[in-house]
Amino acid sequence: MSRYRRRPGINETPVEEELFLIAGDSGDIFHLDQLAMSIWRALEQPSSIAELSALFAEAFPDVDPGILTKDLAAAIETLLNGDLIEVCD
Amino acid sequence: MACRTESETTASQATDSQAADSQTLVLAGPHHGITVTGAKELESFLFELIPDWPRLTDETEADQAAIDPIAVKSEDGHWRISSPHVDLEEFDLDDGYMVANTLIGALIAGYVAQDENLASLHAGAVRIGDGLIIMLGDNLSGKSTFSTVLAARGQKFFTDDRIVLDLSTDRPAGRSLAIAPKLRLPLPEEADEDYRDFVDDNSLLTWPEMTVLRLAPDLAAEFGGSLPITAIVHLRRDTKAGQPTLTTMPRPAMILVLLEQIFAPHFNQQGELAACVRLAGDVDCWQLDYASAFDAAETLIAHFS
């Protein structure tokens with residue numbers, strides 16, 4: 001299963017409980033909501049979706065695991081599309 | 001929009017771009033002049049829209065500004081404007097008002113580019129109480145209507161479209177370039193008689209779809225007039241809304257709105273974000289949901305006075 005990591009050279013600007021990222025290559029600005037920001041934080045250590053799902057299931061025990069995994073996959077896709085993270089293995 | 005004016009007709013007839021290029025205007029910037037070449041034919045119309053923007057005659061300032069001028073060229077009734085600070089090459093203008101308005105955009109870019117602490121914000125701004133209230137939103141969100149309704153009700157007008165942000169001070173300030181406000185016609189059905197009289201009394205140029213106002217010095221800030229910003233209000237028009245509601249807006253949401261409206265040719269995206277974070281952090285951020293600007297203007301006056 002693929003694992004993901006942050007791409008280098010991404011500039012972070014936290015604002016309250018949310019985060020703005022500036023991609024190093026394009027200079028594009030991305031706004032992360034709390035879920036995406038949590039994933040970004042978690043990807044300080046390379047992780048797979050399964051590992052992230054386990055981590056988030058522990059943090060949000062009341063959320064349906066299927067919904068959680070779906071939301072995580074969508075957020076990972078967004079981060080990938082923005083070139084903010086990359087597959088590392 | 002098919003605005004035909006005497007100035008435009010004159011401009012359309014100027015087909016010799018070489019001759020036009022030989023004539024220059026030098027307008028005041030924050031530190032030195034901003035040179036415009038080829039705009040002589042537009043001059044009378046342009047200065048109807050920016051009547052108080054000082055013109056410089058000092059040769060030293062003119063020489064310095066001429067290094068990288070804004071260039072206006074005309075050919076067969078079509079106009080192009082090139083600027084060292086903003087990409088306007090896509091414009092192929094044949095409308096006098098649009099030419100002048102685009103040139104004003106280039107002038108604003110040239111103005112803010114002279115100072116690392118300046119940026120331009122696409123917004124309306126009016127003094128209420130002791131501070132400046134910035135109003136922004138999407139096109140048709142009501143910036144011009146709000147700005148002029150508030151002016152009609154005794155609040156000092158700064159702009160209905162573009163304000164210069166000064167981030168050099170402890171509290172960000174807004175600076176007026178005294179650009180004439182413009183309104184779409186016909187006025188909204190709900191416009192009251194006082195407002196209609198205000199527009200009639202202050203109309204300078206009128207076309208079927210639009211009117212440009214000239215506000216007297218007691219109604220509007222002078223060129224360069226500056227005031228600390230008290231609040232930023234995101235205008236959200238909803239014709240089904242009931243009473244206007246003013247609610248606090250989370251900073252991240254306001255930063256996203258500001259990022260859409262800020263312009264600073266000398267900033268990279270990191271700089272733009274930093275400016276928006278600073279602005280949203282230093283002043284109160286509000287969202288106004290409203291159906292009628294005429295009702296909601298009272299909400300703003302009552303809250304910020």
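## Asking how we know: a two-chain model

Mentor: Let's start in chain B, where B:Pro186 sits in the loop between strand 11 (182-184) and helix 7 (193-202). A cis peptide bond links B:Leu185 to B:Pro186.

Trainee: What makes the bond between B:Leu185 and B:Pro186 cis?

Mentor: Its omega is about 0°. In general, most peptide bonds are trans. Before we go on, this is a predicted model, where local features need pLDDT of at least 70 and side-chain atom pairs count only at pLDDT 80 or more, while totals for chains, interfaces and linings use all residues. Residues are numbered from 1 along each chain as its sequence is written, and chains are lettered from A and ligands numbered from 1 in the order in which they are written.

Trainee: How many helices and strands does chain B have, and how are they defined?

Mentor: Chain B has 10 helices and 17 strands.

Trainee: Why does A:Asp83 count as partly exposed?

Mentor: A residue is buried if 20 or more other C-beta atoms, placed from the backbone, lie within 10 Å of its own, exposed if 12 or fewer do, and partly exposed in between. A:Asp83 has 15 C-beta neighbours inside 10 Å, so it is partly exposed. A:Asp83 lies in the loop between helix 3 (65-81) and strand 6 of chain A, and its phi is positive, about 60°, although it is not a glycine.

Trainee: And B:Ala178, buried or exposed?

Mentor: With 21 C-beta neighbours inside 10 Å, B:Ala178 is buried. Its loop runs between strand 10 (173-175) and strand 11 of chain B. B:Ala178 also has a positive phi, near 50°, without being a glycine. Most residues other than glycine have a negative phi. Across chain B, 44% of the 305 residues are buried.

Trainee: How do you know that strand 1 of chain A pairs with strand 5 (residues 47-48) of chain A?

Mentor: Two strands pair if DSSP finds at least two bridges between them. Strand 1 and strand 5 of chain A have two bridges and run antiparallel, so they pair. A:Arg3 stands opposite A:Ser48 of strand 5.

Trainee: What joins strand 1 of chain A to strand 6 (residues 85-87) of chain A?

Mentor: Three bridges, again in the antiparallel sense. One of the partners is A:Glu86 in strand 6, across from A:Arg5.

Trainee: What makes strand 2 (11-15) and strand 4 (29-32) of chain A edge strands?

Mentor: They belong to an open, antiparallel sheet of three strands in the order 2-3-4. Strand 2 and strand 4 each pair on one side only. Strand 3 (residues 18-22) is joined to strand 4 by four bridges, with A:Phe20 opposite A:His31.

Trainee: Why are helix 8 (residues 251-261) and helix 9 (residues 269-282) of chain B called oblique?

Mentor: Angles under 35 degrees are roughly parallel, over 145 roughly antiparallel, 65 to 115 roughly perpendicular, and the rest oblique. The axes of helix 8 and helix 9 of chain B cross at roughly 130° and come within 9 Å. That angle falls in the remaining group, so the two helices are oblique to each other. The axes are lines fitted to C-alpha atoms over the stretch in contact, with angles from 0 to 180 degrees between N-to-C directions.

Trainee: What does each chain bring to the contact between chain B and chain A?

Mentor: Chain B brings 11 residues and chain A brings 11 residues. Helix 8 of chain B gives the most to chain B's side, with five residues. That side of chain B has seven nonpolar, three polar and one charged residues.

Note on methods:
Two residues are in contact if their C-beta atoms, placed from the backbone, lie within 7 Å. Ala, Val, Leu, Ile, Met, Phe, Trp, Tyr, Cys and Pro count as nonpolar, Asp, Glu, Lys and Arg as charged, and the others, Gly among them, as polar.
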